[in-house]
Every structure is written in C-alpha cells, then in structure tokens.
Amino acid sequence: LLGRDGTAVPTIFAEMSALATRTGAVNLGQGFPDEDGPEEVLEAARSAIAHGVNQYPPGRGMPDLLQAIAEHQHRFYGVHLDPQRHVLVTTGATEALAAALLALVDGPDDEVVVFEPYYDSYAACVALARARLVTVPLRQPDFQPDLDDLRRAVTDRTRIILVNDPHNPTGTVFGRETLEEVVRLAERHDAIVLTDEVYEHLVFEAVHTPIATLPGAWERTLTISSAGKTFATTGWKIGWISGPADLIDAVLAVKQFLTYVSGGPFQPAIATGLRLPDGYFTDAAASLRAKRDLLGEGLRHAGFGVSTPRGSYFTVADAAPLGATDAAEFCRALPARAGVVAIPLTAFVSPEHRGDYATLVRFAACKRVDVIEDAVARLAVLA
Ligand code: PMP
Ligand code: GLN
C-alpha cells in the first residue's frame, strides 16, 4: 500500500480525478454523480444539522435508520430483519467491507475467493488481514464466470466468498445459477458469503437478486450496501451491512475501533431516502440507463468495442480496435488526445492477470447528459 518512497500510493480513482482536474478533461473515471440526489434527502440532512443532530450517534446506527434499512429490505426483497440485531450502519460500504474482512479472516491460511476484476479495496483489505486472495476470472465478452473455475477456487481453506453484484468495474449482473453455486459452495465448505450490492437499484434489463434471499444463504451471508450510489451522496459515506446477529456482532466489534460511529446528521437523511416511493428508485435506474446508452453509442462511434452493462455506473470498452495494446498507457494519454479521463481495467486486476484485460477501459456513465455528450463529442477524434 506504500510506494517505494514510503508515501501512500493514491488509489486509481484519486489519481485519475486529479489528472482530470489538472488537464481540464471530462472526468468519466471516478464513479461519482455530478448532480445532487433527491431534495427531500438533502433537506432532511440540513434539518438534522439545524436541529442539533450533531453528536455521536449510537454505535450500530440511529434506530430510525436501522428501521428504515429493515423496511427497505422487506419492501424490495421480502427479507425480514430485526433492525437492532441484523443491521449495522457503517462509514460507507468501504468500512463495511474492511470491518467484515478484518473480523472474519486472519492470516495466510484463510482464503477469500473473489471474481476478478474486483473493486480495489477488496485486495487491500484482504492484505490488511494478511489473508490470501484467490481470484476467479470473469470471462469476456460478457464478464460472466465459468462455474468450473469457481468450483476449483473454493476449498476448505475458503473463509469468505466475496461477491459484487451488480459488478464494478464490468457492469455485469450475475445470473441466478452463479449466485446459487456461490451459496452451494459456501455451504459445502462452511464459508461465509460477503456480498457487496451497492448498485442494487442501478440495474437495467435485469432484476437484482440479493444472495441472502436464496435458499440456504441467510445464515451465512453478510450483505453490504451504500447510500452513496442510491441517493447520489457518495461524499456522505453512509453504508450498511445486514445479516445474522452473530456475524453482525463480529463486524461491529471491529467497526467500533475503526470509526466508532458514522455520520450523525446524514443518518436520518438516508432514512428519509430509503422511504421514498418506488418511483424514485425506478427513475434513478431509468435515467442511468439512458446515460449508459448515450455513452455506449458514443464509444462505439469513436471505434471502441463496447459491452453493454446490465447494471452499475460503468461501461467497459475495448481500445484494441483503436490500436491500443496497454490500457494504462492509453488512459494516461487520453486527456491530451481527446480531453477525457477513464480508468484502465488493469487497476482492478491482480498483477499476474493484467495481460488478460490489457486493452480494456472503464468509463463512468453517472454524469449529467450534457457532460456525457461533451465527452463522446471529444472521443470522436479517435475514430
Ligand atoms: N463497493 C463497490 C463495488 C463500489 O463501487 C464502491 C464505490 N463506489 C464501494 C464499494 C464503496 O462505497 P462507499 O463509497 O459507500 O464506501
Ligand atoms: N467506487 C468508485 C469507483 O469505482 C470510486 C470510489 C473511490 O474513489 N474509492 O469509481
């Protein structure tokens, strides 16, 4: 995690956002929306601050937010949660992931199986826990796994199968068959399923199936989500994790010494968000889908090979048809060539597998329509 000179290596997202700021390029790199979320949610935070909700909230989270998370899981997925035992509020999904991994794995005999490419914090947290990361490749062109690869990867050493669905960076939504196999393997090898579902509401032409709702899954599954994606409040850092009481208690034991508690006045605001009518959630997906289509069309026009994502903020494009052989080099040159910032997929891949994803680039679609239009007009110079 440290560079050769002893300084912290910035994440690829920080590095690429800094590059966009420095060059004035359109930032389709880091996945954050450039428009505010619902006014009701923003107003609820202002009101909480004005009304003195500014001190440490309870460690598990404010009771009303815990209740709203439980109501949300019931409304959308039919899951019954006891808000005080089955839910924990965290400082973003990032802290939920870190606390769960630090709580549940320890040392090189514990293996964490993950689909690759994977979100960057997974490998970092597995390293912090000194555990071993075992990867299962997502195969092109549709970035689905070969289930035989998955079966080979999961053994009695596997403590956690870590799933991210919908998937960052590929935009894949896993099929039911894959999710069921994850549960079957976890049962067979007595592993825990840790599932990062932060893009749960951002699915297109697909239905989100929480792993925890599959037969046999609940008692061994921890489900993570985040308000950042659903309410366009990535800077508020309110996330949550839900699952059986014994696993949640283990995560809480670590969380309390990472951040103690999370984001006082934002908690009632996110409770308001979680109680918005269904239309809010479907409109958010429909709006992002239109942006995905605009971006995909522009990327194709510019000469990229484009796979159409079924969820998440992201679209993966292959720069090989444009003559690229190294996506990292291509992305470093892109601001000067076309005035756009994007992220090489190799940033989400362990060093020994980078060759398999060498020419792929991730573009974020969670930006205003005029920003995407500007970006695709700029990218047309590549054609
Ligand atoms: N998991 C995935 C798959 C993500 O894409 C992100 C970030 N955007 C996170 C976790 C982190 O979420 P948060 O900002 O809530 O910490
Ligand atoms: N999750 C966002 C992305 O994938 C960014 C998060 C971050 O900056 N760490 O772009």
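Modeller: The UniProt annotation, from an unreviewed entry, puts "domain: Aminotransferase class I/classII large" at residues 26-352; such positions are in the numbering used here, names are shortened, and annotations may be inferred rather than shown by experiment. This is a predicted model, where local features need pLDDT of at least 70, side-chain atom pairs count only at pLDDT 80 or more, and totals for chains, interfaces and linings use all residues. Residues are numbered from 1 along each chain as its sequence is written, while chains are lettered from A and ligands numbered from 1 in the order in which they are written.

Biologist: What makes strand β7 "largely enclosed"?

Modeller: Buried means 20 or more other C-beta atoms within 10 Å of a residue's own, exposed 12 or fewer, partly exposed in between, with C-beta atoms placed from the backbone. Five of the five residues in β7 (192-196) are buried, so the rest of the structure largely encloses the strand. Ile 192, Leu 194 and Asp 196 cover one side, Val 193 and Thr 195 the other.

Biologist: How do you know that β7 and β8 pair?

Modeller: Pairing takes at least two DSSP bridges. β7 and β8 (residues 221-226) have four, in the parallel sense, so they qualify under that rule. Thr 195 has Thr 223 as its bridge partner in β8.

Biologist: And what joins β6 to β7?

Modeller: Five bridges, again parallel, with β6 at residues 158-164. Asn 164 sits opposite Asp 196. The chain gets from β6 to β7 through helix α8 (residues 176-188), a right-handed β-α-β crossover: with the strands pointing away from the viewer, the path from the first strand over the helix to the second runs clockwise.

Definitions and conventions
Helices (H or I, at least four residues) and strands (E, at least two) are DSSP runs, numbered from the N terminus.
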